Each structure stands twice: as structure tokens, then as C-alpha cells.
Amino acid sequence: MTKSDCSDTVSCLPTMARDKTCSVETDNKTGHQSTPGGQCFPGTIPKLIITRDLTPSCSQDGAKLHLNSGACLEPQPDDESPCSDSGCGGSPALMRSHRKLSNSSSFGLSSASSFEESEDDFTGRTDMSYICFFQNKSWQKLKTMVHWSPFVVSFRKRYPWVQLAGHAGNFQAGDYGRVLKRYCECEQQCLQKLRDDVLQPHVPGYYGVVKKDDQEYNVMDDLLADFESPSIMDCKMGSRTYLEEELSKARERPRLRKDMFEKMVAVDPEAPTEQERAQQGVLKPRYMQWRETLSSTATLGFRIEGIKKADGTCNTNFKKTKQKEQVMKALEDFVEGNNQILKLYLHQLKELRSVLEKSPFFRTHEVVGSSLLFVHDASVKARVWMIDFGKTVPLPDQQTLDHRTPWVEGNQEDGYLWGLDNLIDIFSTIKEEKQELSRGYTR
Ligand SMILES: O=P(O)(O)O[C@H]1[C@H](O)[C@@H](OP(=O)(O)O)[C@H](OP(=O)(O)O)[C@@H](OP(=O)(O)O)[C@H]1O
Ligand SMILES: Nc1ncnc2c1ncn2[C@@H]1O[C@H](COP(=O)(O)OP(=O)(O)O)[C@@H](O)[C@H]1O
């Protein structure tokens, strides 16, 4: 997710203390559209009601959103999450739209064929030494159907940088071994605090803020730097992908998101309700809940966002990967039957869990929308890191989370450890099945 100045300020304070005022008006960088004609929905617009989701397959309660009469719906900047592209403010340099990278099915070209000039490349010099070169040209765009980032990291070695998920345009190359991520105060505060937490080895190293072309960036370790042609997987953790704060805002000031309506229809034309169809828009929490129940987020507490393999193939088409068996298949495919890689990942996930259970930072933060980034290569090196702290917010004084208790609105539980337990179980099952299989062969 990306940043917005005022919403960051709002969300990086403990919930109780947050200043909810935000004077910035909706801007056109967001790409979000209001209801048809740019007006408030002309009909009777219902009020927002939150009810429990009692779906038996879901081991947690979930808030459901319904519209009742009376509200005027139109996107507003402060409806968004702390680092949302669609939030208010942001740098003038980023007034262009920052699309969310599509999760549509996509199979990458080999990196060799993916380098191409593009009209919308970044060109010209910058005031920093972060220009990257490929074939003597600056800022080559890695152009495929998938999410190659618009830069090639270059210094001691050149390698195409891959952004598997998240918002397009959020990253730029840093000095060798570092990347720049569009500034988000919330994320900055987390990365800073994490430097002094036991979790430090499990998150990218953080090196402060730099300004480039009027835009600020958080500088952090490039987690791909020490790998050769890495395979990468992004798993979004937790049973909930929107902050409680986003829910309150949606209830206080329900706003329709036409872009989310369109993303919903693209996956399942039957998904919107009659009313949503008439409005041509959905509320953000409604969209997020729909994504959660369509995927494994609601039932397993994590979901796969994308996988890029060493051969360059890339798949971000996991929106409907929900059943345990489907997830297992995707994970098996990711490790390509390599037992050692499997063991390394399992070991690291268990180690991470034990550190999370001890971490003061983790205990005192609502961790939403954060991912685990899995990276391995042919040299049988494999690592897992926590990334994306744009919606990780401190809890009010004295409050702590166990990250396993099912969420009910108000308790701020995020299901992170529940999801990690499930992920570990799935990796363990794959390992056991492989062992069974090899025992069978040797009999
Ligand atoms: O994956 P799809 O279905 O495209 O939906 C996206 C993701 O949930 C984003 O989360 P993430 O950045 O973790 O991938 C979220 O950003 P937030 O994190 O800001 O909530 C986007 O909200 P908007 O940015 O409001 O569009 C939402 O449209
Ligand atoms: N420090 C990093 N090193 C290498 N790759 C990263 C790093 N941070 C993010 N990425 C890549 O970028 C993608 C999106 O990152 P994320 O922080 O989730 O962005 P957003 O905030 O836009 O959602 C990840 O799936 C991963 O592929």
C-alpha cells in the first residue's frame, strides 16, 4: 500500500488518540471514480450495518456490511487505509494514479525478453545516485504481463527486480542491495521500531527516508539482492485485510468504490448485489471481505498473492485459491519438489513463529495486510521475511493481542498467528507426504 500524508498521521497514532480530521479533498490521482456521473447516488442509499458472519467454515466472526437508506456515497480520501493510494494527500510527484497491481492471471516472459523501452518509463537524471542501468539506458522498464518493476538493480550484479503484489509505482531502485518504497509514515514508524525488536532479523533492514524528485521514500533492504534468479512468493497474512478503523470510517461515511466494483465483476459478475450493481460501486470493507472469503484468508488466515519462479514464470491468479488442497498444490509447485527448500522454509516459519510470540512489537500492534515474502534460489538458499507494514498500527496503551483469538469488532485481533499456524501445518503436511512417498519408493 502507499502513503497519504494526512491519513498516515491519523493511523499511526494509537486508535483512541487518532485525529480523524483530514481536510484534503478527493483527488484524481486515485483513479477512483464516484458513482455514475460523479454525483452521490441519486436513489435511497442505505445506512451501513455491521453484522456477524456466521459462516460455519469460517472460524472467526466477520463484520458484514449492508447498505440501508440515506447515505451519500462517493470516494473520499480519509476513507482509506493509512497508506492507501487512494488516501488523501501524497506528494505532487505522485498525483498520477497508482494502480493496484492486477491479480489477474499472468505468466511472465523470461527476463531476457521482458526488457523493453516504454513510453512511461522514468527518464532523465535524478538528484540521487539511484539510477540503474541496463544496456546503457537508465530506467529500463521490465515489461511483461506481470509485475516486473520498472527498474533493474545494478551494481555488483544486474538483476531484474520483481514486485509480486501491492501498488504499481510504489518502488524504485536504491543503492545496491536497497530499494526505495514510497513513503508511508505508518510503515516508517514500524520499520524504525522493528530495528530494536527481536523481530529485526525477520524484516528488511531500514535506512531512513530519502527524497527524490519531490517524493519521499523509505529506504530498506532489497530482499532479493543475495539471490541468483530467485523464486519468490508473497503470502498475505491474517484473517482480516482491513483495519477496524477502515470499518468505522465506512460506517460513518459510506463511500462507494467503482474501481472495486469493477474488480469484483471481473472475477465474478454475479458477486455484486442488485443494489451494488445499481450503484456501480461497493464499499471498501465489503470488497475486502469478499476477497477474504473468496480466497483462503477467511478460512486459513493467509492467502497467496503471487508466485514468481526461477524460470521467470509468474502467477498472481490466486484470488480463488481457497481450499487447503489448492493452497498445498500452489506451495508444492513453488518449491518444485525440492525437499531441502521445503525444510528450510518450514524451519524458518517455526523460528519466526517463536520470535513473534516473544516480540513486544508484535504484541502491541494490529498487523493487517502484511505479507511474508519467501525467496529461494538454485543454490538452496531460502529465506522468509515479513514485509509491508503500511497497515500495522499501534494498539491503545496497555492493550495487547495474541493474534490467534477470532476477531470480533473491537478486539482488533488480526488472526496473524492463526494464519501462520495453518501455513506451518500445510508445509508440514507437504513434507510428511513427500517423506511417505519416498519411503514407498525405497520399500
Ligand atoms: O488485491 P486487490 O483485490 O487489488 O485489492 C487491493 C488490496 O487489498 C490492497 O492491499 P495491499 O496493498 O496489501 O495489496 C489494498 O490496499 P490497502 O493496503 O491500501 O488497503 C487495495 O485498497 P485501495 O488501495 O484502497 O485500492 C485493494 O484495492
Ligand atoms: N524489501 C523488499 N525486497 C524485495 N522485494 C520487496 C520488498 N518489499 C516488497 N517487495 C516486493 O514488492 C511487493 C509488494 O510489496 P508491498 O510492501 O506489499 O507493497 P504495497 O505496500 O504496495 O502493497 C512484494 O510482493 C514483493 O514482491
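Student: Which residue forms a salt bridge with E305?

Tutor: Let's start with the general idea. Side chains of opposite charge can pair when their charged atoms come close. A salt bridge here is a side-chain nitrogen of Lys or Arg within 4 Å of a carboxyl oxygen of Asp or Glu. In this structure the partner of E305 is R291, with the closest N and O atoms 3.8 Å apart.

Student: What should I know about the model before reading on?

Tutor: This is a predicted model, in which local features need pLDDT of at least 70, side-chain atom pairs count only at pLDDT 80 or more, and totals for chains, interfaces and linings use all residues. Residues are numbered from 1 along each chain as its sequence is written, chains are lettered from A and ligands numbered from 1 in the order in which they are written, and side-chain values use heavy atoms, leaving out hydrogens and water.

Student: How many helices and strands does the protein have?

Tutor: Helices (H or I, at least four residues) and strands (E, at least two) are DSSP runs, numbered from the N terminus. The protein has 12 helices and 19 strands.

Student: How many salt bridges does the structure hold, and which residue pairs with K284?

Tutor: There are 17 salt bridges in the structure. K284 pairs with E246, their closest N and O atoms being 3.1 Å apart. E246 sits in helix 4 (residues 244–252) and K284 in helix 7 (residues 284–294), 38 residues apart, so this pair links distant parts of the chain.

Student: Is E246 buried or exposed?

Tutor: Buried means under 20% relative accessible area, exposed over 50%, and partly exposed in between (1.4 Å probe, protein chains only). E246 is buried, at a relative accessible area of 3%, and K284 is buried too, at 11%. E246 also meets K391 in a salt bridge (3.1 Å, N to O). K391 lies in the loop between strand 18 (382–387) and strand 19 (392–394), so its pairing with E246 of helix 4 ties together parts 145 residues apart in sequence. K391 counts as buried, with 3% relative accessibility.

Student: Where do D333 and K309 lie?

Tutor: Those two form a salt bridge, with the closest N and O atoms 3.0 Å apart. D333 is in helix 9 (residues 324–335) and K309 is in the loop between strand 14 (302–308) and strand 15 (314–315), so the pair ties together parts 24 residues apart in sequence. D333 is partly exposed, at 42% relative accessible area, whereas K309 is buried, at 12%. Elsewhere, salt bridges that share partners join R353, E357, R404 and D421 into one network.

Student: Which domains is the protein divided into?

Tutor: Domain bounds come from an automatic or database domain assignment. The protein has domain 1 (223–239 + 301–441) and domain 2 (244–296), and their C-alpha centres lie 26 Å apart.

Student: What is the area buried between domain 1 and domain 2?

Tutor: The size of an interface is often given as the accessible area lost when the parts come together. Buried area is the accessible area (1.4 Å probe) that two parts lose on being put together, summed over both. Between domain 1 and domain 2 the buried area is about 1500 Å², with carbon and sulfur atoms giving 42% of it.

Student: How many residues of each domain are in contact?

Tutor: Contact means heavy atoms within 4.5 Å. Here 19 residues of domain 1 are in contact with 14 residues of domain 2, and three salt bridges are counted between the domains.
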